Number of protein chains: 2
Amino acid sequence: MEDVRLLMLPGPVPLPERVCQAMMRQAINHRGPEFGAAYTESVAVLKECFGTENEVFILSGSGTAGMDAAISNFGKGKKIASLVNGKFGDRLYQIAARNGDATEIASEWGTPVDLAALEEALENGAEMVTMVHNETSAGILNPAKEVGRLARKHDALFVMDGVTSVGGDEVLVDEWGVDVAIVGSQKCLAAPAGLAAVTVSDRAWDRIVEDRPFYLDLAACRKSAHKEPMQTPYTPAVPLFLGLHEALMMIKEEGMEARVARHRRMSASVRAAVAAWGLEMFPQLDEHSAYSNTVTAVRMPEGVADVGGRVKQMGIEIAGGQDHLKGKIFRIGSMGAVSAPEILATLAAVQHALRKAGVAGVGDGVEAAAEVLNP
Amino acid sequence: MEDVRLLMLPGPVPLPERVCQAMMRQAINHRGPEFGAAYTESVAVLKECFGTENEVFILSGSGTAGMDAAISNFGKGKKIASLVNGKFGDRLYQIAARNGDATEIASEWGTPVDLAALEEALENGAEMVTMVHNETSAGILNPAKEVGRLARKHDALFVMDGVTSVGGDEVLVDEWGVDVAIVGSQKCLAAPAGLAAVTVSDRAWDRIVEDRPFYLDLAACRKSAHKEPMQTPYTPAVPLFLGLHEALMMIKEEGMEARVARHRRMSASVRAAVAAWGLEMFPQLDEHSAYSNTVTAVRMPEGVADVGGRVKQMGIEIAGGQDHLKGKIFRIGSMGAVSAPEILATLAAVQHALRKAGVAGVGDGVEAAAEVLNP
C-alpha cells in the first residue's frame, strides 16, 4: 500500500465504492445475457457523454488503444494532419506517422493550435485531421468545433481524442462534426483504467480501410456488437466492463448537464486558488481555446523546483509536467467523481507547500476556492 | 445476475475470492512503486509458468491481443506457416494472413497437426511458424516440442499460443525452442479476463520488424518494463494487473509442479467419466499429440442435440462446439482453481443430462471420476 490517499491526477481518478464493488462480480460468460445487457446499457449512457447518435464501441485496451484503432482503421495509408500542442497531440501524431503520410502542425505546448496551418494542410489534400480536445499535458481545451467545421469543409475525417473531456466537459460529437472520438475509462468517467470507448460516424464507416489491424479491427467490433446479446469480437476485460457500467449508471443518475456544471465549478475553484496564490496559469489562450475544465496546469513559481513532493507527504498526489515541462509546471486534476472535499484538501496542501517553498505573497487560495464552491 | 453458479468452460474460469478482492483496490498511480512491484512479482511467477528465462510482458488486452502482438511485431511482411487443427489455430492463421504471406497447414479440427507439411513449408522458406499448444476448440494438445525442433532446424521463429496451457499444463518455452509464447489471464491462471502475457526470445528480438503496430508495440513494452519502477508504455488495466498478481501469488504458493499434477488429475477424472458413460473422446491422436489436460472435448452421443442446456438448468455452464462443431461435441473445462467439488458437481449434472436425453448404457462416470480423484 502506498501512503497516497487521494489521487488528484489528470487520471487515474479515485473510484467510487460502487464501482469497486461492481468489479468484484464473479467471472461471467462474456457471450451471455448479463454481459450483453451491461454493454448495451453502457453504450446508451456513453452516447450522451459523447453527444452522438452514432454507434459506440468499448475496447479492451487503454485510451491509446482507442486512438490507435481510430487512426489505423480509417487513416491507414492516408494523408493525415495532426494538430499538436501537447504530449497527447504528439501521441496522435506518432500513431498517424506509423499509419499514414502524417504532417505535424506543431504549436508550443500549452499555446493554441494553428488553425491557419490546418486549413493549408487541408487545401493540400489532408484526408484526416487528428486533435486532442482536452490536452491534459498542458491544461488547454482545444477548439473542436472550429476544427470540425474545417474538416467538413474540406471533406476530411476528424479524429478527436476526448480521453479527458468526454463525461466531464461538454462534448458534442454530432454537432461539431467529429467522425471518430475516443474516451478513456479512468478519467472523467471515474471508472477503472483499461478500457476505451470509440464512436464512429457514417462518413468514417464509408472510408474504412481494408488493411486493418486484427485486435483493434473496428469492423469486427461492429459485427459483434450487432449480435444478440451484444458482444465483443474477442474476450473482453469483463471486470472493467462491469466497473465502467456502474460508473456510467452513476453518470446517468447525476445527469450530464449537472456533471458538466460540477466539473466546471471544480476547475473554476482551482483557478480561483491559483489567482489568489499570485501564480500564473500555464496555457496561453486565444479566442478559440480555453482553460481545461478537468485539469489545471500552473506555471511553477520562480525558484521552486517541486511542489508535488511535499503535497504527497500529506497523502495527496498531484501531477508535475511531462517531458520538457518537467519542473516547469504542476497540474491538479479535478475530474470524475471529485467534489468539494477533495478539492479543498488538495488546495490546502498545495498552498502549504508553496509557502514552505518560500514563495512570496501566497494569498488564501483555499478561501477563494471555497467561495467558488459555495458562494 | 444469471442463474449460472459454476462456470466449467475452457475459460473464463471461476475467480478465487482473493483475486476478486485484489481487484477492488482503490485506483493507484500506474507509474508508482506499488504498481511496479506488482508487475515485477507477476513476471517472476509467469516465467515459471512459461518455463523460460526470457523476459515476459503483460499487455492490457485479451489473449488475441497477445497473438496479434506476437505476429505483427515479428512476422509483418514475412512468410508464415500456420498449423491449424481448430478454431484458435485458425485465428492465428487469420492474424498471420493480415500481417504477412501466410500459408495455412490445415488438419481436420481435433486431428493431429501435419508435421510433414510443416517441414515442407519450412524448406520452402517459411520464416515463422504459428501453432496453438492446447487447442481449446477440439480438446487436443499439440506437439510443441516437435514443432520447436523443426522451426529451429530451419531457422524460423516459433510463435506458440499457450493461452489455455500456460499455468495449467507443462510448458517449457526455453527447452522446446519457442520464440514467442502467449497466455491469457482468464484461463489456467484463474485471473480476470482482459490481460495477455507474452514472452520473447533473443532470436525474436533480433528479428523485430520496423513497421510495428502502436498500441501493441513490444519494443515499447520492453522499454517501459526496463524503467524503475517497472511500467507499461500506456495506461494499463490496473485492477486486472492487481487481480492477476494475486492469482499468480496463489500459483507460487501451490507450486507449478503441484498445479500441473492437479490439472492432469482433474482432466483424467473427466476422461474416466467419459469412458464410463460409454462416450467417445473427440480428438484423434497420433504419437505426438495428446488429450488436453485443461479441457475435455467429447463427441455428442448419437441422436442427442444438446447436453449443456439441461446442465445449465442445474446452474453449471459447460461449453458446446464452436462453428462447424456446434451440436457435434460438448466440452468440459477443468482449468484454473477448480478442484474435486466443481468436477464432481459438473460430472453429476452431465451424467443426469445424458440419461434424461435417453442415451443408452450411461455408466457411473461420477464414481469413476471420484476413483481418480481419490484412489
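Does B:Arg207 count as buried, partly exposed or exposed, and at what relative accessibility? In this predicted model, B:Arg207 has a relative accessibility of 23% and therefore counts as partly exposed. Its side chain meets that of B:Asp155 in a salt bridge, with N and O 2.7 Å apart. B:Arg207 lies in the loop between helix H8 (202-206) and helix H9 (218-225) of chain B, whereas B:Asp155 lies in the loop between H6 and strand E8 (157-161) of chain B, so the pair ties together parts that are 52 residues apart in sequence. B:Asp155, at 46% relative accessibility, also counts as partly exposed.

A further salt bridge in chain B joins B:Arg152 and B:Asp179, whose closest N and O atoms are 3.2 Å apart. Because B:Arg152 belongs to helix H6 (residues 144-153) of chain B and B:Asp179 to the loop between helix H7 (173-176) and strand E9 (180-184) of chain B, this pair connects parts that are 27 residues apart in sequence.

In chain A, the side chains of A:Arg203 and A:Asp179 meet in a salt bridge of 2.8 Å from N to O. This pair links distant parts of the chain, with A:Arg203 in helix H8 (residues 202-206) of chain A and A:Asp179 in the loop between helix H7 (173-176) and strand E9 (180-184) of chain A, 24 residues apart. A:Arg203 is buried, with a relative accessible area of 17%, and A:Asp179 is buried at 1% relative accessibility. Both residues belong to a network of salt bridges that also links A:Arg152, A:Asp155 and A:Arg207. Over all chains, a search of the whole structure finds 32 salt bridges.

Strand E2 (residues 55-60) of chain A is mostly covered, with five of its six residues buried, and E2(A) pairs in the antiparallel sense with strand E10 (residues 195-200) of chain A over six bridges. Within this pairing, A:Glu55 has A:Val200 in E10(A) as its bridge partner. Elsewhere, an open sheet of three strands in chain A has the order E6-E7-E11, with antiparallel pairing. Strand E6 (134-135) and strand E11 (290-291) of chain A stand at the edges with a single partner strand each, so one side of each is left without a neighbour in the sheet. E6(A) is joined by two bridges to strand E7 (residues 140-141) of chain A, and A:Glu135 stands opposite A:Ile140 in E7(A).

Where the two chains meet, 53 residues from chain A and 53 residues from chain B take part in the contact, and the area buried between them is about 4200 Å², of which carbon and sulfur atoms give 61%. The interface holds two salt bridges, including one between the side chains of A:Asp217 and B:Arg98 at 3.0 Å from N to O. The elements that give two or more residues to the side of chain A that touches chain B are helix H1 (17-23), helix H2 (33-50), helix H3 (63-75), helix H4 (87-99) and helix H10 (238-254) of chain A.

Note on methods: Residues are numbered from 1 along each chain as its sequence is written. Chains are lettered from A and ligands numbered from 1 in the order in which they are written. This is a predicted model: local features need pLDDT of at least 70, side-chain atom pairs count only at pLDDT 80 or more; totals for chains, interfaces and linings use all residues. Side-chain values use heavy atoms; hydrogens and water are left out. Two strands pair if DSSP finds at least two bridges between them. Helices (H or I, at least four residues) and strands (E, at least two) are DSSP runs, numbered from the N terminus. Contact means heavy atoms within 4.5 Å. Buried area is the accessible area (1.4 Å probe) that two parts lose on being put together, summed over both. A salt bridge is a side-chain nitrogen of Lys or Arg within 4 Å of a carboxyl oxygen of Asp or Glu. Buried means under 20% relative accessible area, exposed over 50%, partly exposed in between (1.4 Å probe, protein chains only).
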